[in-house]
2 protein chains.
Amino acid sequence: MTPAIVLVEPQLAENIGAAARAMLNFGFTDLRLVTPRIEWPSERARQTSSGADIVIDGARVYRSFAEAVADLQVIIATCHVAREMVKPQITPTATAARLHAAQAEGLACGLVFGPERTGLINADQVLCDALCTIPTNPDFSSLNLGQAVLLLAWEYARAVDTTPAEVLRTGESDVASKQHLLSFLTRLEVELDACGFLRVPHMRAAMVQNLRAIFTRNQLTDQELRTLHGVLTELVTKRTWRGEV
Amino acid sequence: MTPAIVLVEPQLAENIGAAARAMLNFGFTDLRLVTPRIEWPSERARQTSSGADIVIDGARVYRSFAEAVADLQVIIATCHVAREMVKPQITPTATAARLHAAQAEGLACGLVFGPERTGLINADQVLCDALCTIPTNPDFSSLNLGQAVLLLAWEYARAVDTTPAEVLRTGESDVASKQHLLSFLTRLEVELDACGFLRVPHMRAAMVQNLRAIFTRNQLTDQELRTLHGVLTELVTKRTWRGEV
């Protein structure tokens, strides 16, 4: 179960649709709308959601904030913090960590977003366990509602994502063994000796090292080595042919 | 200098505007458009950017991908990876790390986003240093263009953000010292002894511990302790008054 997303008095159908799309992008499905300022259901929201019908169709409308969060046990609102309120102010990353920790304990969680222009009123903020403030450019800090939902949904998903930071997709072919790589490099050097490219003795070692660095840095596959062997053969052959003219 | 954001053949003014807004939210200003499918400048894009005029006005239009990235030294594209292409596939977090590392070396960087429906063509992908794949719900993986820009801009900003994970905003008042807290707790227990709430001897210790846990868990401020002292005084006074009737 991913947390519920509670939109309080959303004003634009486009934003509800964008929020629904962002939710489903990261596996959230429980959308709750507190007194939306548009008619609901909304065809415009459905269009903007680009196919997140499961979220749009499942969205529930509530008459009050208290009703919308009644069954939840942990709620965190994204908003600018009211200075007069003593309340934990946490980052999106800390918000994701808190939600995952709470859910691991079996607690029902929700993320709350206030109205587009005014943000969540203090009376609703004070009922939240923590307030999440997104650290933005202080001169241009207001995020679009759909963007804020996306950011939090991503942060929640990212916290438990196990995708390797970097992989080299090599398709059908494997990354070449060092033997295969060295065999290509040696052949290249033989050909370069033959054509005189490595003819200056005191520069030869450095040049060979540079060439080896070029072809070692990018994890060549066996298929790519075969291509490079072919390129070398062709260049050598053409050179010979031109030499004969 | 934050990285350039390169949008290749964007189709919708709303998406360019949303991208510009998301960029400025996290301090990006260098927007580059490769043969946009709408007229540029675009009033609709400006409206959607909600005041990110500096990004919209500074945006440059290019006739080709090669022109748009000509001055850049490291470019990473967000896209689904073409299976037939041997290319590093990295996460958004790894993308941010790579960009920060490159910029620390003084390299000019860019983030590339393909057209909304089709994504970046292979001929452009292959010129990128790495491909960033956003790990999404496999059943609903397509992110809105503006959302994708926001996600990467956030990830870039997050990587160097120093906001404390959690702070308690206490305003004018400090978090109470343990002496002040204990003084309130002791007074509460004296009053509860007086009214008989703690009368069952074998339960007294556990009850006192529970009450102390309640009021210790939430880091009360001095101002809040004064409020609670006032509440206690009022409750005791009213009880006494009612007792006199």
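**Pairing of chains A and B in a predicted model**

Lys87(A) stands opposite Arg169(B), a residue of strand S8(B). The two strands concerned, S5(A) and S8(B), run antiparallel. They are joined by 4 bridges. In chain B, strand S8 covers residues 166–169. The structure is a predicted model. It scores ipTM 0.93 and pTM 0.93. For chain A, the mean pLDDT is 94. In that chain, 96% of residues reach 70 or more.

The contact between the chains was examined next. On the side of chain A, 52 residues take part, and they meet 52 residues of chain B. The size of an interface is often expressed as the accessible area lost when the parts come together. Here chain A and chain B bury about 4100 Å² between them. Carbon and sulfur atoms account for 54% of that area. Three residues of chain A stand out: Phe140(A), Trp154(A) and Arg169(A). Together they supply 19% of the area that chain A buries against chain B, more than any other three residues.

Polar and charged links also cross between the chains. There are 23 residue pairs in polar contact between chain A and chain B, with both residues at pLDDT 80 or more. Salt bridges between the two chains number 4. One salt bridge pairs Arg158(A) with Glu155(B). The closest N and O atoms of this pair are 3.7 Å apart.

Which elements of chain A give two or more residues to the side that touches chain B? Three are helices: H1 (13–25), H5 (92–104) and H7 (145–158). Two are strands: S5 (87–90) and S8 (166–169). The largest share comes from H7(A), with 7 residues. By residue type, the side of chain A that touches chain B holds 23 nonpolar, 19 polar and 10 charged residues.

Salt bridges were also counted over all chains, giving 28. Among them is the pair Asp193(A) and Arg204(A), whose closest N and O atoms are 2.7 Å apart. Asp193(A) belongs to helix H8 (residues 178–195) of chain A and Arg204(A) to helix H9 (residues 201–216) of chain A, so this pair ties together parts that are 11 residues apart in sequence.

Backbone geometry brings in another part of the model. Most residues other than glycine have a negative phi, and most peptide bonds are trans. In chain A, Trp40(A) and Pro41(A) are joined by a cis peptide bond, with omega about 5 degrees. Pro41(A) sits in the loop between strand S2 (31–34) and helix H2 (43–48) of chain A. That loop between S2 and H2 of chain A also contains Thr35(A). Thr35(A) is not a glycine, yet its phi is positive, about 35 degrees. Chain B has a cis peptide bond between Trp40(B) and Pro41(B), where omega is about 5 degrees. Pro41(B) is placed in the loop between strand S2 (31–34) and helix H2 (43–48) of chain B.

Terms used: Residues numbered from 1 in each chain as written. Chains lettered and ligands numbered in written order. Predicted model: local features only at pLDDT ≥ 70, side-chain atom pairs only at ≥ 80, totals over all residues. Heavy atoms only, no water. Contact = heavy atoms within 4.5 Å. Buried area = accessible area lost by both parts, 1.4 Å probe. Salt bridge = Lys/Arg side-chain N within 4 Å of Asp/Glu carboxyl O. Polar contact = N/O pair within 3.5 Å; in protein donor to acceptor, adjacent residues only side chain to side chain. Nonpolar A, V, L, I, M, F, W, Y, C, P; charged D, E, K, R; others polar. Pairing = 2+ DSSP bridges. pLDDT = per-residue confidence, 0-100.
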